[in-house]
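Let us read a protein model piece by piece. Keep the sequence and the 3D view side by side.

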Amino acid sequence: MAIKPLTPEAVGEFERFIGRGGVAVFPADTVYGLACNPGSPSSIGRMLGLKGREQGRPSAVMFFQLDRLLTALDWLGSETVDAIGRLLPGPLTLVVPNPSGRYALAGGTGLGIRVPRLEGPLEPLAGARVAVLQTSANPSGGTDARRVSDIVKEIVDGVDIVLDGGQLSGIPSTVVDLTGYEQDGSWELLRETAVSRDEVAELLAEGT
């Protein structure tokens, strides 16, 4: 395991580890996360083992560029795509319909998706071309990590690379269910944290 400052070169290493089935710690626009290849059962098992989380609980798939997410999720309807474009990138996890079962190992009937807002010290991550299955870099039920120094030794020692992006907000992403949005414009707030209900409503109302 190596702790690396967040640079384009370190992001390239991060991508290579993910591609080879590794597990990484990385900074999002919220808290530090664990990441692995969303199509690799062994990688997912290893990541969840480090976290102490049971198999089968849903995790979000994170893309580092919005256009890559929309290309990969090409089954989504135009209304849902418009909503995603208003809400992301940003500190939100969106649950969208997944009738084809893409990224099945993420779990759940809908698919959780993320595109973080990568500005300032986090900007090098915007160049990452991989999609990752991600969860917070803390023991299940533990406190979210704002800094690399907050992450327990067992997790740091158990991953292949740690990307250090400095101090983060420490506030987890807000979770919004958009599975009914295409049909009738409905949405449901599942967790109100980094972004408030009023802010979500305002973003969704833009352009309508």
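Predicted model: local features only at pLDDT ≥ 70, side-chain atom pairs only at ≥ 80, totals over all residues.

Residues are numbered from 1 along each chain as its sequence is written, and side-chain values use heavy atoms, with hydrogens and water left out.

Q: How far apart are the end C-alpha atoms of helix H1?
A: Helices (H or I, at least four residues) and strands (E, at least two) are DSSP runs, numbered from the N terminus. The expected span of a helix is 1.5 Å times one less than its number of residues. H1 covers residues 8–19, so its 12 residues should span 16 Å. The model agrees, with the end C-alpha atoms at 17 Å.

Q: Which residues of H1 are buried?
A: Buried means under 20% relative accessible area, exposed over 50%, and partly exposed in between (1.4 Å probe, protein chains only). The buried residues themselves are Ala10, Val11, Gly12, Phe14, Glu15 and Ile18.

Q: Why is H4 called oblique to H7?
A: Axes are lines fitted to C-alpha atoms, for helices over the stretch in contact, and angles run from 0 to 180 degrees between N-to-C directions. Under 35 degrees is roughly parallel, over 145 roughly antiparallel, 65 to 115 roughly perpendicular, and the rest oblique. Helix H4 (residues 78–87) and helix H7 (residues 197–205) pack with their axes 8 Å apart, at an angle of about 125°. That angle makes the pair oblique.

Q: Which residues of H7 does H4 meet?
A: Contact means heavy atoms within 4.5 Å. From H4 come Ala83, Arg86 and Leu87. Their partners in H7 are Val200, Leu203 and Leu204.

Q: What is the omega of the peptide bond between Leu88 and Pro89?
A: Most peptide bonds are trans. Pro89 lies in the loop between H4 and strand S5 (92–96). The bond that joins Leu88 to Pro89 is cis, with omega at about 0°.

Q: What is the phi of Tyr103?
A: Most residues other than glycine have a negative phi. Tyr103 sits in the loop between S5 and strand S6 (111–114). Its phi is positive, near 55°.

Q: What separation do the C-alpha atoms of Leu178 and Ala83 have?
A: Leu178 is buried, with a relative accessible area of 0%. Beyond its neighbours within four places in sequence, Leu178 contacts residues including Ala83, Ile84 and Trp187. Leu178 and Ala83 are 95 residues apart along the chain, yet their C-alpha atoms are separated by 8.5 Å.
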